[in-house]
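Dear colleague,

I am passing on the structure below, and I would be grateful if you could look it over alongside my notes. The notes follow directly after it.

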Amino acid sequence: MPDTLKTLFKRIQEGMEGVADAVLGDRAERLLDEEIRAIDDALHGARGEHAAAKARRVANEQHQAAITARIGEAEARVETALKQGRAKQARTAADQVVHLEAERSQRMHEGHVLGTQERQFAHVVEQLEGRLRRLKHQLDILRASNRLQRAQATVARRQPGDALYPEPAFASAARMKQRRAPIEGTGVTGQRKHRKTADDPAQAVLDRARKRITSSARKR
């Protein structure tokens, strides 16, 4: 295969890889964005569950406090009935104390369960928040990378001819040399001669001397 065809094939292959990278980058961005939305929805739900668990735990504690107050009132009735010699009323009040203590014990057990649930939901919320922050950071990095790739692809497409990528410096220099070649014999030749004398100070001295000799000969 000629070298020119090899070079062209390589550039086409590299261009296809660039397109594939861009497609994959856009796909990855969409997937990350979808995952962020899913995590955000899950976080919203977890926060709601955590708030509900906290509300249930607080309500349970309030019930416990109310039952404790009722137990104190029942115990006071027991004492009053005993002091008054009313055994039946004392027994009834004592039964109420037992019933209320059993209810309070049940409420306390429920309170432990609700507290555990609240802590679990708080942990889930914390994990989801951390996950969401990491995903958003990854998405920011990916979007920046995709923008850079698209910018590079745009620059590459603006190159003249078949060049899909910025041409090497030596190629640009060679092209400039070819552009200058046809104009030799014009004013460019004088410029080259000027550069030659500038590079050779002795030659400049000789040229000036020749001019003075010629000028002096003409005056005679």
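Predicted model: local features only at pLDDT ≥ 70, side-chain atom pairs only at ≥ 80, totals over all residues.

Residues are numbered from 1 along each chain as its sequence is written, and side-chain values use heavy atoms, with hydrogens and water left out.

To begin with the fold, the protein has five helices and zero strands, where helices (H or I, at least four residues) and strands (E, at least two) are DSSP runs numbered from the N terminus. Of the 220 residues, 17% count as buried, the classes being buried under 20% relative accessible area, exposed over 50% and partly exposed in between, with a 1.4 Å probe and protein chains only. Among contacts (heavy atoms within 4.5 Å) with a separation of 6 or more, 76% are between residues 24 or more positions apart.

On confidence, the average pLDDT (the predictor's confidence in each residue, from 0 to 100) is 75, and 64% of the residues score at least 70. Helix H2 has the highest mean, at 88, whereas helix H3 (residues 169-180) has the lowest, at 50. Over residues 4-23 the pLDDT stays under 50, and the model has eleven contacts beyond four places in sequence for that stretch. Residues 182-186 also have a pLDDT below 50, with three contacts beyond near neighbours in sequence.

Turning to charged pairs, a search of the whole structure finds nine salt bridges, each defined as a side-chain nitrogen of Lys or Arg within 4 Å of a carboxyl oxygen of Asp or Glu. One of them joins Glu29 to Arg143, with the closest N and O atoms 3.3 Å apart. Because Glu29 lies in helix H1 (residues 3-83) and Arg143 in helix H2 (residues 87-157), this pair ties together parts that are 114 residues apart in sequence. Glu29 is buried, at a relative accessible area of 19%, while Arg143, at 30%, counts as partly exposed.

Arg57 takes part in two pairings that may interest you. With Glu61 it forms a salt bridge of 3.4 Å, N to O, and these two residues are four apart in helix H1, a separation of about one helical turn; Glu61 is partly exposed at 42% relative accessibility. Arg57 also meets Glu118 in a salt bridge of 2.9 Å, N to O, and since Arg57 lies in helix H1 and Glu118 in helix H2, the pair ties together parts 61 residues apart in sequence. Glu118 counts as buried, at 12% relative accessibility. Elsewhere, shared partners join the salt bridges of Glu29, Asp33, Arg37 and Arg143 into one network.

Leaving aside residues up to four places away in sequence, Leu132 touches Ile36, Ile39, Asp40 and Leu43.

With best wishes
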